[in-house]
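Colleague: Thanks for making time for this one. Could we go through the model together, one question at a time?

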Amino acid sequence: MKRSNLIVGLLSVLVLFAVATAFKAAQTVVIPLMIAWLLSYICGPVVNWLVHKRVPLGLAVFAVLILVLGVCYLGGVFLGGRVRDVLAESPKYLQQLNLIYQDVVSGLSLPDNFLADINWTQQLGPKLATATVTVTGFMTNFLGKLMLVLIFLVFMLLGKPYFRYKVAAAFPAERASKFTDMTASISKQIGQYLVVKVAISGTTGVMVWVVLSLLKVEFALTWGALAFFLNFIPSIGSIIASIPPVLLAVVQYYPSVWTPIFTAVALLLIQMTMGNVVEPKIMGDSLNLSPVVILLSLIFFGWMWGIVGALLSVPIAAAIKIVCENIDALKPISILMGSGKSLWKETHEIQGK
């Protein structure tokens, strides 16, 4: 019996990696499909509400699609503006970097001719041009994937209002009711999780923007947007988002060190408050993922789909946890994926009594 269980376990691991390899090879299609699937949990309730208000389904889906396109358009305009601003100011910061480099080398008492061939402007200028080409290529690739996301999203939204009727016709009444309640609960929890996550990430981005604006660190809006996106990656994302504005503050206010210090402290306080106080308070312990699960999700989905996979890893892992939580046979998996804080509290409360 134990040997058969071991074989089944090993075969399950092999199947998992086989599926992951297939998803990695088909990432051009699978990534837009996963993004559309997650978006459907946010947009689906809006479509259902409009249909409930006697709005024709096609018109309801079209309205939601226009809203999504509007958000994407504004995001594209914003991103393009940020890139242009950074490139326009780059010569000034390259000169400042060259000055810092010279001061550091002089402070180390290196020979004067050591700096003869060193010029930050010449060294980094071509790389900035390459970065511009890379950003252009990224935007073209992004637009192609966006079209796929929208196509998948339209088909998913068109089927959402009629799903429960199909289930009622396909299964006996009791089984259909149970299945409908379970899927409705899963959809509601995933939708709430995604909405709250977007709201918390947006609040974090706004706070970063406001604080950096008060400290007069340049490109504050850009760093706020970066904090918004990277906040979807717990712990690591907030660290990565905090590094560029701190480094910029060092370069911008050199030789003063106080503004960079205030910047680092302020960003640390924002990330700790939002990540360790506000988010657990709003979402509750039931949706908290284990740090090990978060790490494995980052590694697994990052390996499959790169940066996009890292951004999607935690929302996908949370969705899997919610699905397992609502299926009796899979509840042990949901418990193991959780942080265990609520179980720890319950155990200590019982022992205290």
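Colleague: Which residues does Leu65 touch, leaving out those up to four places away in sequence?

Modeller: This is a predicted model, and Leu65 lies in helix α3, residues 57-107. A contact here needs heavy atoms within 4.5 Å. With residues up to four places away set aside, the partners of Leu65 are Leu150 and Val154.

Colleague: What separation do the C-alpha atoms of Leu65 and Leu150 have?

Modeller: Along the chain, Leu65 and Leu150 are 85 residues apart. The separation of their C-alpha atoms is 7.4 Å.

Colleague: Taking contacts between residues at least 6 apart in sequence, what percentage join residues at least 24 apart?

Modeller: The pair Leu65 and Leu150, 85 residues apart along the chain, gave us one example to start from. For the protein, among contacts between residues at least 6 apart, the share joining residues at least 24 apart is 71%.

Colleague: How many helices and strands are there?

Modeller: From the N terminus on, the elements read α-α-α-α-α-α-α-α-α-α-α-α. That makes the count twelve helices and zero strands.

Colleague: How far apart are the end C-alpha atoms of helix α8, and what span should its 17 residues have?

Modeller: Helix α8 covers residues 236-252, and buried residues in it include Gly237, Pro245 and Val251,. At 1.5 Å a residue, its 17 residues should span 24 Å. The end C-alpha atoms agree with that, because their separation is 25 Å.

Colleague: What percentage of the 353 residues count as buried?

Modeller: Buried means under 20% relative accessible area. By that cut-off, the buried share of the 353 residues is 32%.

Methods:
Residues are numbered from 1 along each chain as its sequence is written. This is a predicted model: local features need pLDDT of at least 70, side-chain atom pairs count only at pLDDT 80 or more; totals for chains, interfaces and linings use all residues. Side-chain values use heavy atoms; hydrogens and water are left out. Helices (H or I, at least four residues) and strands (E, at least two) are DSSP runs, numbered from the N terminus. Buried means under 20% relative accessible area, exposed over 50%, partly exposed in between (1.4 Å probe, protein chains only). The expected span of a helix is 1.5 Å times one less than its number of residues.
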